[in-house]
Amino acid sequence: MTSEEDFFSSLHPAVQMLKAHIDQGNPIRIVSHNDADGVAAGGILSTAVNRLGATFRTTCEKRVDEKTVASIASEKPPIVIFSDMGSGYLDLFTEHLPDSDIIILDHHLPIETENPKITHINPLLHDLDGARGVSGAGVSYFFAKTIDEANIDLSALGIVGALGDQQDKGENKSLIGLNRHIEADAKGAGLLETNIDLIFYGYETRPIAKACAYTTVPFIPGLSGREDQCLALLKEAGIELKSEGRWRALRDLSEEEKSRLFSTLTKHMIYEGCNADSVYDLLGTIYTLKGEEAWTPLRDGREYASLLNACARMGRPSLGLSICMGDRDEAMKEAETALDGYRRKIGEYLDWVRKEDRIVEMENIYSLRAKGDIDERIIGVVASILLSTGILKNPKPFIASARAEEGLIKISGRATEAMAKAGIDLGMVMMEAAEPFEGRGGGHDIAAGAFLKEEGEPEFLKAVDRLVGEQLNA
Ligand SMILES: [Mn+2]
């Protein structure tokens with residue numbers, strides 16, 4: 001059997017276990033991760049379980065820790081499904097949830113267990129790429145499709161989750177690995193179209209200045225969230241904004257206009273202190289979700305993911321869940337407000353970071369200790385943006401931290417693809433570095449995190465610096 005077949009067949013026992021609980025009339029407890037991918041995963045699972053006629057309750061959590069697990073245990077759930085989280089915490093489940101059957105649908109670094117009550121689905125257990133090849137929503141989608149082929153319409157959310165986790169690491173920012181199967185399903189069902197161009201949000205439908213201003217992944221310093229600046233840039237590039245009284249969208253531009261826009265963008269990026277190549281981040285595969293209304297943020301896969309991400313980071317994941325389950329009315333309006341607030345916050349944080357000059361260059365990493373100045377739910381996003389725009393002069397992983405609750409700090413580490421190729425695996429680094437500080441760490445090679453007591457942070461950062469150096473010299 002190939003690893004993929006191996007992975008797919010690992011889903012069957014989990015589906016059987018779920019169905020057995022539903023046959024007994026048990027409620028299904030779903031716990032997902034509080035980010036775009038996690039919300040999409042939660043939406044997929046909630047829909048699939050709902051279609052089976054089961055009662056269910058879904059929440060999104062920032063992290064798995066003793067407190068979270070103990071509070072889930074207090075509900076005495078017969079079965080818990082963890083999605084986009086859990087693989088690194090099997091010992092906590094064994095300790096605190098001894099009476100529940102547990103299904104884990106995750107793509108983060110797994111640990112092993114002998115506990116027969118845990119059914120563990122993770123591509124990494126089958127030598128498949130979990131960091132770039134499939135997301136938590138993707139694993140959840142395959143699970144849903146194993147339940148019933150009719151769940152193939154949920155493939156669109158699988159794509160959204162993958163884009164939310166920035167798994168567009170193939171040529172022209174395309175999806176790779178198991179995500180390809182999801183893409184094929186979505187295209188087969190008439191729910192997805194792809195093409196290659198500037199990846200501004202709203203390629204087909206939005207006025208260009210808005211499309212540019214709304215784009216947050218990649219975040220364009222000076223333009224994201226600033227429509228007036230985008231208008232000025234278009235003017236400078238000599239792009240007509242309207243034709244015959246109608247706003248023009250990106251797809252209406254001629255090749256010649258596109259290349260003028262591209263060179264003006266390049267100048268802008270250099271002016272903002274980004275490296276010149278970072279403008280190529282703006283070109284790539286556009287994922288248009290054909291099942292969604294034109295003019296809405298859900299029409300573009302990356303923007304859909306940003307919307308879910310904003311709901312999660314602004315503390316309103318249930319809005320995102322409602323949208324994933326089909327709500328296009330109230331939840332949608334509130335989510336758009338959350339997205340506005342989120343864009344504004346990121347812009348403010350980036351201004352703050354650049355003004356305050358708080359980034360410290362160590363031997364093998366850059367670090368930023370934001371303390372209470374950046375929201376812990378947004379620190380990871382800020383770290384990704386700072387790393388991807390080339391504002392940091394040397395190619396080193398970026399480790400940022402912010403205060404969480406109860407004297408803890410959250411650490412977010414980000415590395416580039418090139419660094420991973422050079423041997424850096426931040427997931428391993430975080431796991432190892434957090435241990436002596438009674439913290440927990442883990443994740444993927446290019447994106448990882450940890451939690452620990454604030455007083456341990458300086459030593460922890462030294463350990464990270466050393467471990468990254470060891471990986472580079474191994
Ligand atoms: Mn994920």
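**Helix packing and buried residues**

User: Is the crossing of α2 and α12 left-handed or right-handed?

Analyst: The α2 and α12 crossing is right-handed. Right-handed means that the near helix is turned clockwise from the far one by less than a right angle, and left-handed means anticlockwise. Helices here are DSSP runs of H or I with at least four residues, strands are runs of E with at least two, and both are numbered from the N terminus.

User: What kind of model is this, and how are residues numbered?

Analyst: It is a predicted model, where local features need pLDDT of at least 70, side-chain atom pairs count only at pLDDT 80 or more, and totals for chains, interfaces and linings use all residues. Residues are numbered from 1 along each chain as its sequence is written.

User: Back to α2 and α12. What's the angle?

Analyst: About 50°, between α2 (residues 36-51) and α12 (residues 317-324), and the axes are 8 Å apart. Axes are lines fitted to C-alpha atoms, for helices over the stretch in contact, with angles from 0 to 180 degrees between N-to-C directions. The two helices are therefore oblique to each other. The cut-offs are under 35 degrees for roughly parallel, over 145 for roughly antiparallel, 65 to 115 for roughly perpendicular, and oblique for the rest.

User: Which residues meet there?

Analyst: From α2, Val39, Ala40, Gly42, Gly43 and Ser46. From α12, Pro317, Gly320, Leu321 and Cys324. The α2 contact with α12 has five nonpolar, four polar and no charged residues. Contact means C-beta atoms, placed from the backbone, within 7 Å. Nonpolar covers Ala, Val, Leu, Ile, Met, Phe, Trp, Tyr, Cys and Pro; charged covers Asp, Glu, Lys and Arg; the others, Gly among them, are polar.

User: New topic: α6. How many of its residues are buried?

Analyst: Ten of its ten, and α6 is mostly covered. Among them are Leu157, Ile159, Val160 and Leu163. Buried means 20 or more other C-beta atoms within 10 Å of the residue's own, exposed means 12 or fewer, and partly exposed lies in between, with C-beta atoms placed from the backbone.

User: How does α5 cross α6?

Analyst: At roughly 160°, with the axes of α5 (residues 136-147) and α6 (residues 155-164) coming within 7 Å. They are therefore roughly antiparallel to each other. The α5 and α6 crossing is left-handed. On α5 the contact uses Gly136, Ala137, Gly138 and Tyr141. On α6 it uses Ser155, Leu157, Gly158, Val160, Gly161 and Ala162. By class, that is five nonpolar, five polar and no charged residues.

User: And at what angle do α6 and α11 pack?

Analyst: About 75°, with the axes of α6 and α11 (residues 301-313) 8 Å apart. The pair is therefore roughly perpendicular. Ile159, Val160, Leu163 and Gly164 of α6 contact Gly301, Arg302, Tyr304, Ala305, Leu308 and Asn309 of α11. This contact of α6 with α11 divides into six nonpolar, three polar and one charged.

User: Last one: what do the buried residues of α17 pack against?

Analyst: β12 (398-403), α16 (426-434) and β15 (447-453). The buried residues of α17 are Phe460, Val464, Asp465, Leu467, Val468 and Gln471.

Conventions: Contact = placed C-beta atoms within 7 Å.
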